Amino acid sequence: MKYCTQSEATYVDETFFNSLGYTLDQLMELAGLAVATVVHMEFPPSTHPRVLVISGPGNNGGDGLVCARHLQYFGYAPAVWYPKPGNAPTLQNLVKQLGNHHIPVMAEQPGPLTSFDLIVDAIFGYSFNPPVRGIFAQIIQEVNSSSLPILSVDVPSGWNIDTGEHQTGIRAPTAVISLSCPKKCMEGYTGIHYLGGRFVPKVLSDEMGLDLPQYPGHSQVVKLQ
């Protein structure tokens, strides 16, 4: 299985949209559902009912917004910390959907982290280049200081995608769900690791030499370790 560099991951996404006919809304919905699925598999609502999703302003944050909606369907009580909302219509629509589901979406910290059982880290994805600054540096510092389990979406926020350097990033996520393909920074990661985003066509996988694992049955995720 190939671990993609930042430039390779960018090419994969651009190919989805430019030549394969996918839309952002479509892939974001599938990705967010995959994230929620891993939450249910590893952190069931019987033991981790209160989930804080921390979303950044980009597409990774959008995956988190979708995840929060599905978590409610799965029996959780999710809340979203969204300090810098994105301006894209897709993201604005996702926030509207959460409002219609009565899922709280807040710009300020929604109470102490100790009032939650799990953090979903959907702050930054593969396109982010560290270091982390401003409000997100403060948020990540607080998350790192907590004892809560953390599930990171695609990559741990603030990590250098090609080297894995993470001085200002999420220090030690309990679990990571890579999307489409695992990124280079995940080589050597020893925590719980899933792959999601079961929408990579064979033509793209072959072109990139991704050598993706077989997904079991109808599942949207596959456990790597």
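Which residue forms a salt bridge with lysine 202? Select aspartate 206: the closest N and O atoms of the pair are 2.6 Å apart. A salt bridge here is a side-chain nitrogen of Lys or Arg within 4 Å of a carboxyl oxygen of Asp or Glu.

Before going on, note that this is a predicted model, where local features need pLDDT of at least 70, side-chain atom pairs count only at pLDDT 80 or more, and totals for chains, interfaces and linings use all residues. Residues are numbered from 1 along each chain as its sequence is written, and side-chain values use heavy atoms, with hydrogens and water left out.

**Stop 1: the salt bridges**

Stay on helix H6 (residues 202-208). Lysine 202 and aspartate 206 are 4 residues apart in this helix, so about one helical turn separates them. Helices (H or I, at least four residues) and strands (E, at least two) are DSSP runs, numbered from the N terminus. Lysine 202 is exposed, at 62% relative accessible area. Aspartate 206 is partly exposed, at 48%. Buried means under 20% relative accessible area, exposed over 50%, and partly exposed in between (1.4 Å probe, protein chains only).

The structure holds 7 salt bridges. Next, select glutamate 42 and lysine 223, whose side chains meet in another one at 3.0 Å, N to O. This pair links distant parts of the chain: glutamate 42 sits in helix H2 (residues 24-42) and lysine 223 in strand E8, 181 residues apart. Lysine 223 is partly exposed, with a relative accessible area of 45%.

Now go to lysine 2. Its salt bridge partner is glutamate 8, with the closest N and O atoms 3.0 Å apart. Lysine 2 is partly exposed, at 24% relative accessibility.

**Stop 2: helix H1**

Select residues 6-18. Helix H1 has 13 residues and reaches 18 Å from its first C-alpha to its last, close to the 18 Å expected. The expected span is 1.5 Å times one less than the number of residues. Buried residues in H1 include Glu8, Val12 and Phe16. H2 and H6 are among the elements that cover the buried residues of H1, with contact meaning heavy atoms within 4.5 Å.

**Stop 3: the rings**

Show Phe16, Tyr22 and Phe199: ring pairs link them into a cluster. Rings of Phe, Tyr and Trp (its six-membered ring) pair if their centres lie within 6.5 Å; planes under 30 degrees apart count as stacked, over 60 as edge-to-face and the rest as tilted. The whole structure has 5 aromatic pairs. Tyrosine 22 and phenylalanine 199 form a tilted one, 6.4 Å centre to centre with 50 degrees between the planes. Tyrosine 22 lies in the loop between H1 and H2, and phenylalanine 199 in the loop between strand E7 (192-196) and H6, so the pair ties together parts 177 residues apart in sequence.

**Stop 4: the sheet**

Select strand E1 (residues 50-55). Of its 6 residues, 5 are buried, so E1 is largely enclosed by the rest of the structure. E1 pairs with strand E2 (residues 77-81) in the parallel sense over 5 bridges. Two strands pair if DSSP finds at least two bridges between them. Isoleucine 54 has tryptophan 81 in E2 as its bridge partner.

Finally, colour the whole open sheet. Its 8 strands run in the order E3-E2-E1-E4-E5-E6-E7-E8, with mixed pairing. Strand E3 (105-106) and strand E8 (221-223) are the edges, each pairing on one side only.
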